[in-house]
Amino acid sequence: QVQLVESGGGLVQPGGSLRLSCAASGTISSINAMGWYRQAPGKQRELVATISSGGSSNYADFVQGRFTISRDNAKKSVYLQMNSLKADDTAVYYCNANIKVSIYSVRRDYWGQGTQVTVSS
């Protein structure tokens with residue numbers, strides 16, 4: 001019932017910027033935390049950034065102030081503004097959201113299909 005759809009990935013040069021978007025749709029009662037994760041070839045999926053329902057954010061150490069996570073609760077969306085991109089940022093980026101589909105449902109995590117980000121000269 002719930003679907004998370006990412007967009008905004010693509011190919012950029014080192015030092016460039018990208019803005020990733022993720023919109024939740026379907027039967028949704030409430031969304032708690034949302035976040036972005038990434039997985040590079042041959043590496044484990046890792047957390048990039050999370051943001052609470054109230055707007056409190058956390059970032060992985062490798063972000064180093066380059067990324068900004070935000071959300072729009074009315075649009076059921078979460079965004080990741082990525083600046084000063086490095087080659088090491090190349091990965092598939094996944095959207096995550098903790099969602100209750102109804103007031104009677106158990107809260108669970110949902111994942112997007114992923115969007116490819118490639119940083120290369």
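A polar contact is a pair of N or O atoms within 3.5 Å, of which, within protein, one must be able to donate a hydrogen and the other to accept it. In the predicted model described here, such a contact links the side chain of S105 with the side chain of S102, at 2.8 Å. S105 itself is placed in the loop between β9 and β10, the latter covering residues 108–111. Although S105 and S29 are 76 residues apart along the chain, their C-alpha atoms are separated by 8.7 Å.

Strand β9, which spans residues 91–100, is joined by three bridges to β11, and the two strands run antiparallel; within this pairing, A91 stands opposite V117 of β11. Strand β2, made up of residues 10–12, is likewise joined to β11 by three bridges, but here the strands run parallel, and G10 is the residue that stands opposite V117. Strand β11 itself, comprising residues 115–119, presents a covered face formed by T115, V117 and V119, whereas Q116 and T118 lie on its uncovered face. The relative accessible area of S21 is 18%, and because the cut-off for a buried residue is under 20%, S21 is classed as buried. When its neighbours within four places in sequence are left aside, S21 is in contact with V5, E6 and S7, as well as with W36, V78 and Y79.

Technical notes
Residues numbered from 1 in each chain as written. Predicted model: local features only at pLDDT ≥ 70, side-chain atom pairs only at ≥ 80, totals over all residues. Heavy atoms only, no water. Buried < 20%, exposed > 50% of the residue type's maximum accessible area, 1.4 Å probe, protein only. Helix = DSSP H or I, 4+ residues; strand = E, 2+ residues; numbered from the N terminus. Pairing = 2+ DSSP bridges. Contact = heavy atoms within 4.5 Å.
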